[in-house]
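Here are my notes on this one, in the order I'd go through them with the model open. Have a look first, then read on.

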Amino acid sequence: MDLQKQTAPAAASAPAPSELRASDADRDRVADILRDALAEGRLTAEEHAERVEDVFRAKTVGELEPLVRDLPGAHQHRTPPAYAAVPGRPTAGAIPADPDENVIAVFSSAVRKGRWRAGRRIHAYSIFGSVEIDLSEAIFEYQQVVIKAFSLFGNVEVRVPENVSLRGTGGGVLGNFEVDTLDAPDAEAPVVFVDGWAVLGNIEARPKRGKLVADILDRVQRKVDKSVRKHL
């Protein structure tokens, strides 16, 4: 009886790095390089706008590479930022016991957002209601901001910029208390402390993607604005 030689199917070759699908982090990295190039005058406003559009249309890493190939930022080794030590919690008496602002929702909703001046202490109370405190566009006049939150059958949400530090202390009684730990690379960046208790309710604090403290970015923004006006 003849034996038929069976050959194993060829293993599928791994895709080249340039053929991999682009992630949000890949697009953000390329967009940062393009932003720096605009601020340095290497790209005109029109060129920058065209390339940014191509960034968000790109599906693979290989489609992103040509957009920054002629820019020095694409060939520099970027080391991760060294995160600064977060200042300790305010000592007793360092921050007044009375709040600069109360945000209260009782069988209703209360929202604090937009361009507003954040005080050193904010109290938030939600009783069968909903409270939203959005610091993503706020003006930080103090480095340390304390938010005292209490939720009873309610919800308290705190949103902060990505380039501040965020800490939380508290808990829940048949409820949820969740604060994302966030470390800022800038030693002078604001620190937001969220303290509270959720009783049959919810308290959460986290960064808002893409939002940064304007004060820290003023210098870069002025350069970008100057370059844009120059090429208009």
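1. Start with the H1 and H2 pair: their axes come within 10 Å and cross at roughly 180°. Axes here are lines fitted to C-alpha atoms, for helices over the stretch in contact, and angles run from 0 to 180 degrees between N-to-C directions. H1 and H2 are therefore roughly antiparallel to each other; the cut-offs are under 35 degrees for roughly parallel, over 145 for roughly antiparallel, 65 to 115 for roughly perpendicular, and oblique for the rest. On the H1 side, Arg27, Val30, Leu34, Arg35 and Leu38 meet Ala45, His48, Arg51, Val52, Val55 and Phe56 of H2, where contact means heavy atoms within 4.5 Å. By class, that contact has 7 nonpolar, 1 polar and 3 charged residues. The classes are Ala, Val, Leu, Ile, Met, Phe, Trp, Tyr, Cys and Pro as nonpolar, Asp, Glu, Lys and Arg as charged, and the others, Gly among them, as polar.

2. A word on where this comes from: it is a predicted model, so local features need pLDDT of at least 70 and side-chain atom pairs count only at pLDDT 80 or more, while totals for chains, interfaces and linings use all residues. Residues are numbered from 1 along each chain as its sequence is written, and side-chain values use heavy atoms, with hydrogens and water left out.

3. Now the overall make-up. The protein chain has 4 helices and 12 strands; these are DSSP runs numbered from the N terminus, with helices (H or I) of at least four residues and strands (E) of at least two. Of its 232 residues, 35% are buried, meaning under 20% relative accessible area, with exposed over 50% and partly exposed in between (1.4 Å probe, protein chains only). Among contacts between residues at least 6 apart in sequence, 69% join residues at least 24 apart.

4. Back to the helices: how do H1 and H3 cross? The axes of H1 (residues 24-39) and H3 (residues 61-68) come within 10 Å at a crossing angle of roughly 10°, and the two are therefore roughly parallel to each other. Asp26, Arg27, Val30, Ile33 and Leu34 from H1 meet Val61, Leu64, Leu67 and Val68 from H3. That contact has 7 nonpolar, no polar and 2 charged residues.

5. Which residues of H3 are buried? They are Val61, Leu64, Leu67 and Val68. Seen down the axis of H3, its buried residues fall within an arc of 110°, so they line one face of the helix; the arc is that of the directions from the helix axis to the C-beta atoms. The buried residues of H3 pack against H1 and H2 (45-57).

6. Glutamate 63 also sits in H3, but at 41% relative accessibility it counts as partly exposed. A polar atom of its side chain lies 2.6 Å from the backbone nitrogen of lysine 59. Leaving out residues up to four places away in sequence, glutamate 63 touches Arg57 and Ala58. Its C-alpha is 7.7 Å from that of serine 18, 45 residues away in sequence.

7. In the strands, is aspartate 134 buried or exposed? Aspartate 134, in strand E5 (residues 130-134), counts as buried at 2% relative accessibility. Its side chain makes a polar contact with the side chain of serine 136 at 2.6 Å. (A polar contact is a pair of N or O atoms within 3.5 Å; within protein, one must be able to donate a hydrogen and the other to accept it, and residues adjacent in sequence count only if both atoms are side-chain atoms.) Beyond four places in sequence, aspartate 134 touches Arg112, Lys113, Trp116, Arg159 and Lys208.

8. Valine 156 belongs to strand E8 (residues 155-160) and counts as buried at 0% relative accessibility. Setting aside neighbours within four places in sequence, its contacts include Ala124, Val131, Phe150 and Ile203.

9. Two backbone spots to check. Phenylalanine 128, in the loop between E4 (121-127) and E5, has a positive phi near 55° without being a glycine; it is partly exposed, at 39%. Leucine 200 has a positive phi of about 55° and is not a glycine either. Leucine 200 lies in the loop between E11 (191-199) and E12 (202-207) and is partly exposed at 37% relative accessibility.
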